[in-house]
Amino acid sequence: GRLEGDDLTFVHRGEEKGVRNYLPFTKVLRTVRVHDPTNVLFILDCCYAGLGAKIIGRPEANYCLMACTTPSTRAFFVGGSERPIGRFTSAIMDGLSSPDATVSSDDDSIRVEGLFAYAERETLRLTDGRQKPYLAGRLEEPLTKYTPAPSIIVGMSDVPLKSGYSKLFTIVSVLRTRRFEYLKQL
């Protein structure tokens, strides 16, 4: 992202090599509002992402913005990969599968506030406190539910063969014909 006057503009690759295109956040916001959605969650992981909250203005009841930075700071990315991912995005993705982002120990719902709190802690940790995430607005509906392990349906789930879940599923499939009196035996 970059600042263009009072707007946040997203920079992306153009159709030709070496050419960049620009998409103003105000244009994205207008497009979203035209469709009158029930709930909107913007997750911005770019430099100056917090400016999106100012552009939205007074948050409408059903609009929420999770930004990786305040309106005046730059974003940090995970280096060493072909397609860099933002530290904030990485924390969001981890939070969607973490019990630490749930509402409580007896409610497995992951809501905006819990996910943001998790992502904020992780982003601050991953950037040594140099990147401060920003939240504006709120949504009450759960985003998802935490599950300790994915549901694996034979022949339907796309699980890499070398993953721990695939190996565990194979072991359980082989052993399911046997009975064990004690967990230790398994």
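Three strands form an open sheet in the order 1-2-3, with antiparallel pairing. The edges of this sheet are strand 1 (2-4) and strand 3 (20-24), each of which pairs on one side only. On average, and with direction ignored, neighbouring strands of the sheet are turned by 40 degrees against each other. Helix 1 packs on the sheet, where it touches strand 2 and strand 3, and its direction makes about 55 degrees with that of strand 3. Between strand 1 and strand 2 the antiparallel pairing extends over 3 bridges, and glutamate 4 stands opposite aspartate 7 in strand 2. In general, the strands of a sheet pair through backbone hydrogen bonds, in either a parallel or an antiparallel manner.

The model described here is predicted. The protein contains 5 helices and 11 strands. Of its 186 residues, 32% are buried. Among contacts with a separation of 6 or more, 51% are accounted for by residues 24 or more positions apart.

A second open sheet of 3 strands has the order 8-9-11 and is likewise paired in the antiparallel sense. Its edge strands are strand 8 (102-104) and strand 11 (144-145), each pairing on one side only. Strand 9 (residues 107-110) is joined to strand 11 by 2 bridges, and the two run antiparallel. In this pairing, isoleucine 110 stands opposite threonine 144 in strand 11.

Parallel pairing is found between strand 4 and strand 5, which are joined by 5 bridges. Valine 40 stands opposite tyrosine 63 in strand 5.

The largest nonpolar core has 35 residues, of which Leu8, Phe25 and Phe42 touch the most other members. Two or more residues are given to this core by each of strand 2 (7-13), helix 1 (25-34), strand 4 (40-44), helix 2 (51-56), strand 5 (63-67), helix 3 (87-95) and helix 4 (112-126). The surroundings of phenylalanine 42 illustrate this arrangement. With residues up to four places away in sequence left out, phenylalanine 42 touches Phe25, Val28, Leu29, Val32, Ile56, Tyr63, Cys64, Leu65 and Met66. In soluble globular proteins, nonpolar side chains tend to be buried together.

Helix 3 and helix 4 pack against each other at an angle of about 135 degrees, and their axes lie 8 Å apart. An angle of 65 to 115 degrees would count as roughly perpendicular and one over 145 as roughly antiparallel; helix 3 and helix 4 are therefore oblique to each other. Their crossing is right-handed. On the side of helix 3, the residues that meet helix 4 are Arg87, Phe88, Ala91, Ile92, Asp94 and Gly95, and their partners in helix 4 are Leu115, Phe116, Tyr118, Ala119, Glu122, Thr123 and Leu126. The buried residues of helix 3 are Phe88, Ser90, Ala91, Ile92 and Gly95. Their cover includes strand 4, strand 5, strand 7 (85-86) and strand 9 as well as helix 4.

Several loop residues were also examined. Leucine 139 is placed in the loop between strand 10 (134-137) and strand 11. Because its relative accessible area is 6%, leucine 139 is buried. Leucine 139 and asparagine 39 are 100 residues apart in sequence, yet their C-alpha atoms are 7.3 Å apart in space. When residues up to four places away in sequence are not counted, leucine 139 touches Asn39, Val40, Leu41, Asn62, Tyr63, Cys64, Val112 and Glu113.

Most residues other than glycine have a negative phi. Tyrosine 48, in the loop between strand 4 and helix 2, has a positive phi, near 65 degrees. Its relative accessibility is 15%, so tyrosine 48 counts as buried. Aspartate 128, found in the loop between helix 4 and strand 10, also has a positive phi, near 50 degrees. Aspartate 128, by contrast, is exposed, because its relative accessible area is 67%.

Technical notes:
Residues are numbered from 1 along each chain as its sequence is written. This is a predicted model: local features need pLDDT of at least 70, side-chain atom pairs count only at pLDDT 80 or more; totals for chains, interfaces and linings use all residues. Side-chain values use heavy atoms; hydrogens and water are left out. A nonpolar core is a set of buried Ala, Val, Leu, Ile, Met, Phe, Trp, Tyr and Cys residues joined through side-chain atoms within 4.5 Å. Buried means under 20% relative accessible area, exposed over 50%, partly exposed in between (1.4 Å probe, protein chains only). Helices (H or I, at least four residues) and strands (E, at least two) are DSSP runs, numbered from the N terminus. Contact means heavy atoms within 4.5 Å. Two strands pair if DSSP finds at least two bridges between them. Axes are lines fitted to C-alpha atoms, for helices over the stretch in contact, and angles run from 0 to 180 degrees between N-to-C directions. Angles under 35 degrees count as roughly parallel, over 145 as roughly antiparallel, 65 to 115 as roughly perpendicular and the rest as oblique. A crossing is left-handed if the near helix is turned anticlockwise from the far one by less than a right angle, and right-handed if clockwise.
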